[in-house]
Amino acid sequence: MSGHRYAESIDSIDASPTTPFFPGSRDSSSQHPKGPLWRRYRQSLLLLAVFSLLSLTSFVLYTLPDAQLQVPGRTSFGSTFNDPRSPRLRALVGPPTVRFRDNLRNDTKYITSWISAGWTNDVMTYANLIYLGLITGRTAILHTFLPSHVGPGAPQIPFSDVFDIEYLSEKIGMPVLEFSDVKNMSTASEEIEEIGCWSVWEAVELREGRPRPVYTEWEQGLSISWTTAPPWVKKIPDYEHDRFARFWDLAVLTYPKGRQENLGTPQPSRTGATVHPDEHLVCFDYLYYACASTSDEFIREHSPAWRDVLRYFRWAPRMQEIADGYLRRMFGVAETDPIPPYITIHARRGDFGAYCGFANLTLGDCFPTMEDYARGIVGIRKELEQRLGISPKHIVMVSDEKDSIWWEVVRIMGWYTPDHEAEQTVERYGAWRVSVRMYPVFIDAVIQSSGVGLLGSPGSTMSIIAGRRVIDWHGGAYHNVPWKVCSFSCWKNLS
Ligand SMILES: *[C@@H]1O[C@H](CO)[C@@H](O)[C@H](O)[C@H]1NC(C)=O
Ligand SMILES: *[C@@H]1O[C@H](CO)[C@@H](O)[C@H](O)[C@H]1NC(C)=O
Ligand SMILES: *[C@@H]1O[C@H](CO)[C@@H](O)[C@H](O)[C@H]1NC(C)=O
């Protein structure tokens with residue numbers, strides 16, 4: 001039946017089971033000093049409980065604490081270029097130019113990087129890029145989301161179609177740009193510009209011996225000459241099973257002396273140019289494996305890329321509206337009525353079956369059972385009852401499972417399911433200049449992030465990010481379901 005088509009890539013690189021994120025030990029109070037900010041936050045939690053009769057989601061945008069980051073030395077928000085569309089664009093000389101360089105302000109420094117994994121991991125990668133920009137005072141330039149994992153031929157999706165880029169820029173106190181703001185994309189591929197960039201991938205991934213691929217080099221009209229980052233950026237030298245680099249080690253390369261001292265032999269670009277890494281627009285091939293202190297840091301309480309950046313990736317209003325429409329129709333709630341508070345189960349199955357294979361278990365013996373999910377829901381309800389005094393009755397299952405019998409059992413359990421086929425997700429939203437095939441992915445992600453509870457899959461970055469949203473945006477509860485394959489630590493958080 002259903003067209004649950006999302007799938008994050010499961011190459012050993014990006015989807016390895018991770019240690020869990022422990023929401024149980026981490027109610028919202030643990031991360032906010034008990035000052036006025038905390039009081040405001042607590043108020044908003046109370047409001048949330050009281051007004052859970054209102055749409056949860058319309059609220060989301062207005063109740064989180066202000067955490068304007070003060071970035072020393074930033075001046076680029078004040079400018080001569082007054083674009084009525086958005087103050088963020090003042091970080092550029094003007095409207096998109098034929099050559100990206102003509103649009104870079106001489107009083108502003110920039111940073112860019114690329115993506116090449118499953119969608120959630122790409123979101124995390126962009127958050128890392130923006131975070132590295134924040135700590136180095138550089139304006140981040142993002143390119144689009146690539147639907148490479150969705151299937152060939154699916155068009156790219158602008159970041160700002162999925163996330164509210166104006167809100168993000170405002171909250172982090174720094175403009176966030178899209179490459180299409182900078183360079184005119186209708187002529188970009190013909191207007192080839194050479195640029196020197198750092199390859200972090202070559203320094204941290206010891207076996208491949210080449211930069212991480214930049215799939216959009218041609219369409220962006222770039223011709224990139226790579227310089228391998230110095231070996232000391234690799235957090236654990238010579239250790240092939242960890243590919244992380246620390247933000248501040250990478251930051252060194254963005255400053256004039258750090259750059260100068262680490263110049264190497266640039267590799268020829270596709271047009272044969274050899275250029276040292278750019279100073280004005282510093283660029284790195286791949287930043288998924290960046291952290292402040294700990295590998296796979298998004299699962300950790302302290303994750304600064306979550307706390308200072310990704311937390312402010314709010315859904316574009318249109319995206320939220322579409323998901324709200326789904327929820328209302330699923331629950332049989334009128335368009336004008338509020339969506340009841342609900343708990344989502346994110347059952348990542350599909351490609352995760354590979355882990356069962358590694359453990360020599362059949363899928364039936366390996367994946368969580370319906371009873372496991374039901375027990376998980378009991379645990380989340382208990383936490384919500386204790387903490388917020390609510391006990392949501394509506395349970396939504398989202399999964400990449402294809403087996404229609406499995407979905408039948410889900411419905412017998414009394415759980416709701418977004419039915420992308422009946423909803424004709426692909427047909428309905430095709431007109432909105434967006435990859436129609438990505439819609440089920442986005443809608444499932446918005447649904448997971450908009451409830452007051454999430455029962456996630458251990459090792460899934462999609463669960464981790466959605467779980468953090470549930471906790472920080474709604475004051476809700478996030479646990480992972482137990483999973484046999486993840487026998488050491490991934491499910492301790494279930495009470
Ligand atoms: C920087 O750009 C401004 C505006 O285009 C120009 O007036 C100024 O002379 C430039 N400064 C330098 C040092 O190039
Ligand atoms: C981009 O280039 C196209 C083709 O030359 C042109 O029609 C369009 O006006 C340009 N856009 C901007 C913002 O300059
Ligand atoms: C799975 O079976 C293979 C072949 O029998 C064996 O080499 C491997 O160690 C087993 N793996 C586990 C996790 O038990």
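**Figure 1. Loop between α12 and α13 in the predicted model, with N360.** N360 is found in the loop that runs between α12 (353-358) and α13 (363-366). The structure shown in this and the following views is a predicted model. The phi angle of N360 is near 60°, a positive value in a residue other than glycine. Most residues other than glycine have a negative phi. With 8 other C-beta atoms within 10 Å, N360 is exposed, because a residue counts as exposed if 12 or fewer lie within that distance.

**Figure 2. Loop between β5 and β6, with D238.** The loop between β5 (222-228) and β6 (245-246) contains D238. D238 has a phi near 65°, which is positive although the residue is not glycine. Within 10 Å of D238 there are 7 other C-beta atoms, so D238 is exposed.

**Figure 3. Pairing of strands β9 and β10.** Strand β9 (residues 342-347) pairs with β10 in the parallel sense, over 6 bridges. Within this pairing, I345 has M397 of β10 as its bridge partner.

**Figure 4. Surroundings of ligand 2.** The residues around ligand 2 are P95, P96, N184, S186 and T187. By class, this shell has 2 nonpolar and 3 polar residues, and no charged residues.

Definitions and conventions. Residues are numbered from 1 along each chain as its sequence is written. Chains are lettered from A and ligands numbered from 1 in the order in which they are written. This is a predicted model: local features need pLDDT of at least 70, side-chain atom pairs count only at pLDDT 80 or more; totals for chains, interfaces and linings use all residues. A residue is near a molecule or strand if its C-beta atom, placed from the backbone, lies within 6 Å of it. Ala, Val, Leu, Ile, Met, Phe, Trp, Tyr, Cys and Pro count as nonpolar, Asp, Glu, Lys and Arg as charged, and the others, Gly among them, as polar. Two strands pair if DSSP finds at least two bridges between them. Helices (H or I, at least four residues) and strands (E, at least two) are DSSP runs, numbered from the N terminus. A residue is buried if 20 or more other C-beta atoms lie within 10 Å of its own, exposed if 12 or fewer, and partly exposed in between; C-beta atoms are placed from the backbone.
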